[in-house]
Amino acid sequence: MTHANRAQHPADAFAPTRRSFIQGSLALAGAAGLAGIATALSGCANPAGGEKGDGAPGADATNGDGAASATKATAAPVAFTAGTYEGSAQGKHGPITVQVAFGPDSIEAITVESHTETADLSDVALTVIPQAILATQSLGVDTVSGATLTSMGVIGAVGEAAAQAGADAAALRNAPADYQPVQAMKPGTYKGASWGKWKEGSIEGERHGCPAVIEPLEVEVTVDETSIKSVKVLACSDTPGFMEPALEQMPQRIVDQQSLYADTVTGATLTAAGISAAVCRCLEQAGADLAGFAKATPKKTNTEQLSCDLVIVGAGLTGTAAALKATDLGINTIVLERTNRVSGTGACSSGPFAVGSKMDADAGITLTADEAFSMRMQEDQGRTNAPLVREVVHATGRMIDWMQERWEAIGDKGFSIKPSKDPMNLMHIYGKGTQKFQDLYDSYILPAGVQLLYSTSLEDIRTDDAGNVTTLVARRQDGTEVDIACKAVLLATGGFGGNAAMMKERLNGVFDNVGLSSNTGDAIVLCEKLGCAMSDDLSPALAEFCSNDVLDYYAGYMKFINQLGFLMLDPAGARFMNEELCLTESNSIGAAAMRRASWSWVILTQADLDSLQTEGVWGHLTREYCDEYEMRSRIIDPVYTTIKDEMDECIAYGQAFKADTLEALGKAVGFNEKSYAEAIDDYRKAVADGTDPLFGKDPRLLYPLDDGPFYAVRIISPIDNTYNGIRVDTSFRALDENLTPSISGLYLAGMDSGGYFTYPYSNFLGSSSSYCLTSGMLAAEAVAEFLGK
């Protein structure tokens, strides 16, 4: 949510309810009851994780009777005006508000009052950082790996309160040298639980191989009086193929470093955060001084020297296809992967578009590559790089046959085709998951001598005076610099959907990244510094459903709320699109229309919500309509079992409003009175007349708004990644402003490269995964020609 919208609907508008509960309970319980209340509100004391809001982490770090305590350090003298002050700073999802009590020369207590951070995943930052600040009497404390924005929000909020108390901020940033935590835990084995990737009641996980009923992540922690002896993960319902690196690495990291701040496992950040939160709960049971386990992972300063012919940066679909082809062509290759697994967001896609494969012929599909290219050109209206599009479209069938041959040789099913009446549905389905891509590494790529470096990020590309690539500089997560002497570099890092600042600056919109947060655009920024030119059609890869930047709609049914045709209004309260497009052109025109409003509000009635929970879409859409537009089976589930719980959470976080009348609803949201009144009047007339003169919406989707209560739910556009990066030619060489490959040996493919896509997204299903796989194959072939292989 933007700052402007937060000002209108502040997330802490609901904080007085929580404060009233705390104050009232304290008044009734007295000092003797303080510890129990603090525990009830503490994030690390809630084994089930809880919802965001009342019961979410409210870190209490005080020296009062019975409250959580820490031994305070003797800091450099800092003077305060004694009293209690409130401070607020931006976290990841919104303001974090704290209350801080100061004595004349010390911080006495810190309480997190309100926030909109993700429950469980933000627990360590919200709980431990206040205790670390209190213990060290300093704002110069370490931040939590994987929760930097939440950490900085807590630190910033305490700093704002300290400034109100007259403190010298510079002095507070200097951590004292004499703080030595003294642990006196009760030895034993403790169990703790937390939610990781999926929350209680999530339904989306099952589609990715998770259990039908999601259970919390559970750990077992053994401690002695002073240290953590072991951490074991007993249960986890997170996504197979994604969670394993975190399950394998995070427990040992916590033990080795004796820290809840151990480096997160990139690519499995949510599972790693869940493990840390569960361990935090165990340590709290043991009576630990949590500030003593608040140490960032120390970084190495050494340099490692390697050499090869080709460095591929990124082991997603593009990098995997390129590495596989490189093994065919005998290219000495090193692959760098920022996360701890292969396949990137491709593991979440259903399969690529392709035309002219052997499977097409066997299935009786007669569309030719020339015809598909002509359809793309008509669709793109001249905005794409036509030679590049033609090159790729004509190679898609060859790519399918090549990969299918390799999969079948090792016993993998590979691709399959489900013929459709839709001529744009030429998807070759390979199913979700990482294993099929891991098999390519295990059976072909690694045995051929390719080095795969996990947890390693791109930092620099060096060239000689003649503009030839000479060295790629990377950095491992442990801090080690890796200098790789090479002749060519292929960048395939997946765009910049995970870089919020870059998204805001370059795409000027409000989006929720549901792809990989590790796709931060490093390759694109570096290429620009080297003089390469950006595509003129940089675009977000919009997903077909709806999302939210505060709450996780994707885990439940709320993500489908835009696909039923309910009335949608822009931030001013005006109707701005034909809502039917979210069903009929969901990936393309519908997604583009939804984006135009930055965010929008879906309007529905209590009866609509009730029928969704009891009937699913069948209370609104006919079987004929669903069949006509081939609606996906998961959208037309029999019932939306958790939709009311999801709505309640939206209301608690200011992402939805409920009112008895439409007029009251408009005031609650803050719509422009005139715009909103006109929109409601026009829509009601359209419903009564059975025709939509404004947008021509199908009469079957004109739902009445007669009887309340009424709801307004805030939705934004989700993105899987971005597309169209650096300009490339048909050999995937990076181009400068003169469309010249001025740096010899520099290649880009997949979402880092520009020219194949335009906006909105292609109606050919599977276009992104198709381009990634095919461009990776073609780029490796171009590199082989460059190297003389």
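Helices (H or I, at least four residues) and strands (E, at least two) are DSSP runs, numbered from the N terminus. The views show a predicted model, in which local features need pLDDT of at least 70 and side-chain atom pairs count only at pLDDT 80 or more, while totals for chains, interfaces and linings use all residues. Residues are numbered from 1 along each chain as its sequence is written, and side-chain values use heavy atoms, with hydrogens and water left out.

**View 1. The loop between strand E26 and helix H23 contains proline 760.** A cis peptide bond, with omega about 0 degrees, joins tyrosine 759 to proline 760. Contact means heavy atoms within 4.5 Å. Leaving aside neighbours within four places in sequence, serine 588 is in contact with Pro760, Tyr761 and Asn763. Serine 588 itself is found in the loop between helix H16 (581–584) and helix H17 (589–596). Its relative accessibility is 1%, so serine 588 counts as buried; buried means under 20% relative accessible area, exposed over 50% and partly exposed in between (1.4 Å probe, protein chains only).

**View 2. Aromatic rings pair in this structure.** Rings of Phe, Tyr and Trp (its six-membered ring) pair if their centres lie within 6.5 Å; planes under 30 degrees apart count as stacked, over 60 as edge-to-face and the rest as tilted. A search of the whole structure finds 23 aromatic pairs. In one of them, the ring centres of tryptophan 407 and phenylalanine 415 are 5.2 Å apart and the planes stand at 65 degrees, so this pair is edge-to-face. Both tryptophan 407 and phenylalanine 415 are buried. Tyrosine 756 and tyrosine 771 form a stacked pair, with 4.3 Å from centre to centre and 10 degrees between the planes. Tyrosine 756 lies in the loop between strand E26 (753–754) and helix H23 (767–787), and tyrosine 771 lies in helix H23, so the pair ties together parts that are 15 residues apart in sequence. Elsewhere, Phe545, Tyr554, Tyr557, Phe560 and Tyr640 form one aromatic cluster.

**View 3. Helix H4 (residues 123–136) meets helix H8 (residues 269–285).** The axes of H4 and H8 come within 9 Å and cross at roughly 40 degrees. Axes are lines fitted to C-alpha atoms, for helices over the stretch in contact, and angles run from 0 to 180 degrees between N-to-C directions. H4 and H8 are therefore oblique to each other; angles under 35 degrees count as roughly parallel, over 145 as roughly antiparallel, 65 to 115 as roughly perpendicular and the rest as oblique. Asp123, Val124, Thr127 and Val128 of H4 meet Ser276, Ala277, Cys280, Arg281 and Glu284 of H8.

**View 4. Helix H13 (residues 435–445) has buried residues.** These residues are Lys436, Phe437, Asp439, Leu440, Tyr441 and Ile445. Their cover includes helix H9 (317–328), helix H12 (386–409) and strand E13 (451–453).

View 5. Serine 455 lies in the loop between E13 and strand E14 (456–463) and is buried, with a relative accessible area of 12%.
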